Amino acid sequence: QVQLVESGGGLVQPGGSLRLSCAASRSISSIYVMGWYRQAPGKQREMVAIITSVGITTYADSVKGRFTISRDTAKNTMYLQMNSLKPEDTAVYYCKANAPYDYWGQGTQVTVSS
């Protein structure tokens with residue numbers, strides 16, 4: 001079992017950057033897959049980026065080249081660096097850990113608007 005807490009969301013102008021953090025309640029070194037997902041109003045939740053324990057990453061086509069996922073096992077924290085943000089990136093962002101069942105954080109709001 002693991003508890004996840006996201007932080008780092010907020011309001012940013014188009015073209016700006018944000019870094020989201022996902023702090024875990026225990027060591028993440030043994031968690032094989034962790035990821036970021038997002039849900040915009042009226043839309044289904046979608047995968048943004050995932051990372052395995054050996055550092056293999058996968059990104060949604062819509063964020064490739066703009067977002068970077070990483071994890072710091074010393075801090076039990078996963079990150080999502082988001083650059084060149086667009087209005088369509090506006091959503092609630094959630095982190096998920098497969099440990100071995102799926103555990104979700106409470107989400108953090110990201111709003112991209114001028």
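In the predicted model, Asp102 is partly exposed, with a relative accessibility of 43%, and its side chain meets that of Lys96 in a salt bridge, in which nitrogen and oxygen lie 3.6 Å apart. Lys96, by contrast, counts as buried because its relative accessibility of 16% falls under the 20% limit used for that class. This pair belongs to a set of five salt bridges found in the structure. In general terms, side chains of opposite charge can pair when their charged atoms come close.

A further salt bridge joins the side chains of Arg66 and Asp89, with an N to O distance of 2.8 Å. The two partners are 23 residues apart and link distant parts of the chain, since Arg66 lies in the loop between strand 6 (57-59) and strand 7 (67-72), while Asp89 lies in the loop between strand 8 (77-82) and strand 9 (91-98). Both residues are classed as buried, Arg66 with a relative accessibility of 11% and Asp89 with a relative accessible area of 1%.

Arg38 and Glu46 likewise form a salt bridge, and the closest N and O atoms of this pair are 2.7 Å apart. Within the pair, Arg38 is buried, at a relative accessible area of 6%, whereas Glu46 is partly exposed, at 36%. The residues Arg38 and Glu46 are also connected with Arg66 and Asp89, as these four residues are linked in a network of salt bridges.

Key
Residues are numbered from 1 along each chain as its sequence is written. This is a predicted model: local features need pLDDT of at least 70, side-chain atom pairs count only at pLDDT 80 or more; totals for chains, interfaces and linings use all residues. Side-chain values use heavy atoms; hydrogens and water are left out. Buried means under 20% relative accessible area, exposed over 50%, partly exposed in between (1.4 Å probe, protein chains only). Helices (H or I, at least four residues) and strands (E, at least two) are DSSP runs, numbered from the N terminus.
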